[in-house]
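Have a look at the structure first, then read on.

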Amino acid sequence: MKRSEVNAILADADAFIRSHGYVLPPFAYWSPEDMKARRAGIGGIVDARLGWDITDYGTGDFASTGLFLFTVRNGNAADLAHGRGMLYAEKIMISRRDQLAPMHRHNVKAEDIINRGGGTLALKLYMSAPDGSIDEAAEVKVSTDGVVRTLEPSGILKLHPGESVTLLPGVWHAFWAEGDDVLIGEVSTVNDDETDNVFAEPIKRFARIEEDVEPTHLLVSDYRRWLG
């Protein structure tokens, strides 16, 4: 993806988020220079990888395969071992109409996926086989706002605005928006995008950025190179 494309997506995403009454935290609007100047005091942002995140999953075609995300809060994965501390995370995401987030699962993270507004969010679901692969024979049981739903393998669950689903570790899921773009909330266990995403196909979690212009804001995948 070109940085100019990333900058445009960020601006459009911010407007879409605001149109639904959700406001990002102040650090969302810091420039790269602001973040460099504040580096000594923003370890909590950098280490937890809070902030802007855009991916085309390495396809080079964000419009058809991609996702916008902003991590608002995130705990420390090391705390999971003793069950105390900040064990949770929160994201706000945008799935564009007919834009696919490819099939994947998590080893550790349980998550609530919430349709915060817009169109219909469609999720294709499978359970895991004992070896972690997709089980094409097992029924899928998930909780939707506290009500258990049972689907056939590869069944499509559709969430309208205000509805949510709880996906436990091992539940395979791909999703996309139908009818209109969807604002998605995610409340989850501590999030580790470096190690806890298992994709059905050999794709990349983060986009490769071509620097054709200066960044308006840094992505979380920029932090290591820009901020150390």
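## Leu-69 and its contacts

Skip the neighbours within four places in sequence, and Leu-69 still touches quite a list: Gly-51, Trp-52, Asp-53, Thr-55, Lys-91, Ile-92, Met-93 and Arg-205. Keep in mind that this is a predicted model. Leu-69 sits in strand β2, which covers residues 67-74.

Is Leu-69 buried or exposed? With a relative accessible area of 4%, Leu-69 counts as buried, because the cut-off for that is under 20%. Ala-13 is 56 residues away along the chain, yet its C-alpha atom is 9.2 Å from that of Leu-69.

## Pro-32 in helix α2

Next up is Pro-32, part of helix α2 (residues 32-37). Pro-32 is buried too, with a relative accessible area of 2%.

Which residues does Pro-32 contact, leaving aside those within four places in sequence? They are Pro-215, Thr-216, His-217, Leu-218 and Trp-226.

## Two positive phi angles

Most residues other than glycine have a negative phi. Asp-98 isn't a glycine, but its phi is positive, at about 65°. You'll find Asp-98 in the loop between β3 (88-95) and β4 (101-105).

Ser-154 isn't a glycine either, and has a positive phi of about 70°. Its place is the loop between β8 (147-151) and β9 (155-159). Ser-154 is partly exposed, with a relative accessible area of 29%.

Conventions:
Residues are numbered from 1 along each chain as its sequence is written. This is a predicted model: local features need pLDDT of at least 70, side-chain atom pairs count only at pLDDT 80 or more; totals for chains, interfaces and linings use all residues. Side-chain values use heavy atoms; hydrogens and water are left out. Helices (H or I, at least four residues) and strands (E, at least two) are DSSP runs, numbered from the N terminus. Buried means under 20% relative accessible area, exposed over 50%, partly exposed in between (1.4 Å probe, protein chains only). Contact means heavy atoms within 4.5 Å.
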